[in-house]
Structure formats: structure tokens, C-alpha cells
Amino acid sequence: MKIMILVKRFPPKRIGGTELATLSIANHLSGKDHQVHVVTTYDEGTREADSKHKFSVHRIHFPGIRFLGVFIFSLNVLRLAYDLKPDLIHAQGVGMGFTALVIKKLLKIKYVIWGRGTDVFAEGKLKRIISKMELRGACAVISLTNKMEKKIKETYAVKNSYTIPNGIELDKFDFKNRKISREHLDIPEGIPLITFVGNLRRVKGVEYLIKAFQILLNSGRDCKLLIIGDGPERKDLISLVDTLGIQKNVIFTGSIPRENIMDYLRISDIFVLPSLSEGFPNVILEAMAAGLPIVTTNFEGSSEIVEDGVNGFIVQTKNPKALADSIAEILDDFNVKQSMSARNREAVAKYDWGNIIIHLEKIYDQCLGLNNSD
């Protein structure tokens with residue numbers, strides 16, 4: 001079939017969770033002989049039309065004018081849809097749902113919305129009204145977690161709803177030729193390495209991880225904290241580390257290429273994600289593929305990835321003591337660490353993008369009346 005995927009941002013300049021998920025979806029669908037057209041906003045320095053992949057990328061200017069910009073963008077996408085005549089529109093996020101709704105109304109093309117996280121819970125009366133129209137107009141609404149699907153049903157009375165998590169490219173995880181070693185970071189073997197990966201924004205809760213790490217050091221444990229990523233909070237976080245006097249044990253790498261992240265995870269002992277809010281963080285899947293025990297917080301859907309006490313621990317947000325206690329339990333009990341590691345390597349297989357795409361295709365088929373299966 002011919003599929004048009006709408007996404008607000010797209011690589012190479014944009015490499016967040018939604019952008020990378022969209023890239024994987026487009027790659028896998030086009031690899032199964034679907035004709036895929038990714039439609040996204042224009043980034044300075046990129047080509048407006050790009051076919052270097054197996055799929056096509058169309059970048060359309062999005063005027064920075066509130067409300068009016070959305071209408072102008074939607075009309076331009078409408079023109080493209082008229083020319084391409086796709087069988088189905090796939091909107092990545094509720095924010096793209098308005099454009100999909102316009103196309104449906106004028107060109108009678110059905111659409112799917114895949115909610116990507118907090119975007120499904122619009123703030124403000126007008127936004128909620130628009131979101132309700134978008135979600136109810138879709139032939140299928142997909143959520144990343146069961147809890148998200150439940151909230152969508154309760155808030156918008158959506159009927160055709162499904163849950164499909166993000167996936168992971170397991171076949172790309174090759175550790176034979178590692179570029180990063182502990183020597184590269186000046187960390188001796190035997191010294192536990194606790195790792196965080198993500199944008200350094202307040203919502204990620206890294207300040208609470210740093211405070212938890214200080215508790216671990218004050219308890220006499222010799223360990224290192226690796227913080228991978230960049231963002232607006234970096235200077236403040238470095239200042240916090242200096243104030244606490246733990247700079248010798250904390251390493252800030254800054255932003256690193258996505259293809260190297262698995263090398264860093266592979267030399268780590270525990271992965272910690274102390275976020276205040278998340279959708280479905282792919283980085284947890286990457287840590288699971290690397291065989292790391294997980295310590296994370298009770299954000300929406302965390303319990304659907306991490307089973308507390310089985311393959312990791314889930315603690316309250318903004319709680320350094322709880323983070324420190326859970327990390328310490330893994331560090332102090334080799335059997336717990338090994339058991340969680342083995343469970344994660346086994347559990348992550350179901351999130352392979354190849355399996356995820358099969359579920360997505362079934363939803364496409366149902367929307368187009370190509371099968372009658374559930």
C-alpha cells in the first residue's frame with residue numbers, strides 16, 4: 001500500500017524518540033514493499049524532497065505563526081496528498097492529527113494517529129476540543145502503553161484504540177568491534193558504572209540522580225556516574241556536581257552519536273532513568289538489550305517496561321534516597337544483578353521493530369477493510 005507518514009520533525013537534524021521511531025517505521029514498511037512518504041517540517045540546510053532512503057521524505061515549510069501556521073502547513077500537505085493519492089495517512093502524534101483530519105474531510109483518505117506521549121492529553125479547552133475531533137475522526141488510535149490507551153478512552157471516548165509500544169533495532173546491536181572502552185573513560189574494571197542517557201532537561205530528573213549518587217558515595221561505595229547527553233540543564237547540573245564535591249566521580253560526555261550509545265551501555269553496570277514524565281523511552285529498551293538492570297521512576301507506563309523487583313526497580317519521582325537505595329541493592333547483590341540482566345536480554349526481544357511492524361500492518365489492513373482479524 002501507499003502510506004503517508006506525518007511527523008513534526010525528522011532526522012538527520014532531529015533525533016528524539018519520535019523522530020527515531022518514525023525513521024524505523026518508514027524503513028521497515030518500505031522494506032516490506034510498501035510505498036512510504038514521510039512528510040515533515042522543513043529544517044534549514046536540508047532538502048525539501050529527499051529519496052536517499054528506500055522511502056521518500058518531503059519537507060514542508062511551517063510558518064512560525066500561531067494557529068495560522070498550522071493551517072498553511074496543512075494546506076500544503078493537502079496539495080501533496082492530492083498528488084500522491086496515498087491509501088492511508090499515518091499521523092505520528094496528535095499534533096499531526098489536524099492535518100490528517102483536513103485531508104480526510106477533503107480527500108476522503110482514512111488516517112491513523114499514533115499518540116507519542118503527553119501529546120494525547122491536551123491542555124486548554126480549545127485544544128481538547130480539537131484533539132477530540134482528531135482522535136474520533138481516526139480509523140484507529142494507537143497508544144504507546146496500556147495506561148495511555150485507557151486514559152484516551154476515558155478522556156475522548158475513542159473506540160478504535162490499540163496499544164503498540166515503540167520498538168528497537170536489535171539486529172544493529174553488534175558489540176564485537178566496540179569503539180568505547182573503560183580505559184577510554186579512565187574507569188578501572190571492577191568499579192561500578194551507573195549510566196544515564198537522555199536530553200539534559202528538567203523533566204529528565206537528572207538532579208535527583210546526582211543527589212542519589214552523592215548518597216552512594218557517602219555510604220562508602222566506590223563507583224562512577226556517566227551522564228550522556230546535552231541540553232539546557234547541563235551547566236546547572238555540572239554546577240550541582242561541583243557544589244556537592246563529587247566531580248571526580250561524575251563524567252559528562254555531552255552529546256554523542258546514536259550509533260555509539262550502545263558501546264557506553266555495554267561497559268556500564270546499571271542504567272538509571274529518573275524522569276518526571278515520559279512517553280515510552282526507547283533508551284530503556286537499549287539498556288535492556290545491553291543486559292543492564294534498570295532503575296527508573298513511576299512515570300506513565302514505566303511498569304509496562306520494567307517489572308519492579310524482576311528486571312529492575314521503580315521508585316517515586318524526585319526521591320534521591322529511593323534511587324540510591326535501589327541502585328545500592330543491585331550493586332550489593334550479585335545474584336540480583338545477574339538475574340535482572342538475564343531477564344532484560346530475554347524480554348527485549350518482543351520489542352524488535354520487525355515484530356512491532358507486523359502489529360501496525362494489521363491495524364492498517366483493518367482500517368482499509370483488507371482483513372477481519374482482531
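C139 has a relative accessibility of 18% and, because this lies under the 20% limit, counts as buried. The model is a predicted one. The structure holds one disulfide, which joins C139 to C367 with an S to S distance of 2.3 Å. The link between C139 and C367 is right-handed, with 100 degrees about the S-S bond.

Relative accessibilities of selected residues are listed here.

| Residue | Relative accessibility | Class |
|---|---|---|
| C139 | 18% | buried |
| C367 | 5% | buried |
| C223 | 0% | buried |
| I65 | 43% | partly exposed |

In soluble globular proteins, nonpolar side chains tend to be buried together. In this model, the largest nonpolar core has 121 residues, and I210 and F271 have the most contacts inside it. Helix α6 (residues 206-218) supplies the largest share of this core, eight residues. Apart from neighbours within four places in sequence, I210 is in contact with L225, I227, L237, L240, V241, L244, I246 and F252.

On the surface, I65, F67, L68, F71, I72 and L126 form a nonpolar patch, together having about 560 Å² of accessible area. The largest share of the patch, three residues, comes from helix α2 (residues 68-84). I65 is located in the loop between β4 (56-60) and α2. Because its relative accessibility is 43%, I65 counts as partly exposed.

Definitions and conventions:
Residues numbered from 1 in each chain as written. Predicted model: local features only at pLDDT ≥ 70, side-chain atom pairs only at ≥ 80, totals over all residues. Heavy atoms only, no water. Core = buried A, V, L, I, M, F, W, Y, C linked by side-chain atoms within 4.5 Å. Buried < 20%, exposed > 50% of the residue type's maximum accessible area, 1.4 Å probe, protein only. Helix = DSSP H or I, 4+ residues; strand = E, 2+ residues; numbered from the N terminus. Contact = heavy atoms within 4.5 Å. Patch = residues over 30% accessible without salt bridge, like charges linked within 9 Å, V, L, I, M, F, W, Y side chains within 5 Å. Areas by Shrake-Rupley, 256 points an atom, 1.4 Å probe, with all protein chains shown as cover. Salt bridge = Lys/Arg side-chain N within 4 Å of Asp/Glu carboxyl O. Disulfide = S-S within 2.5 Å.
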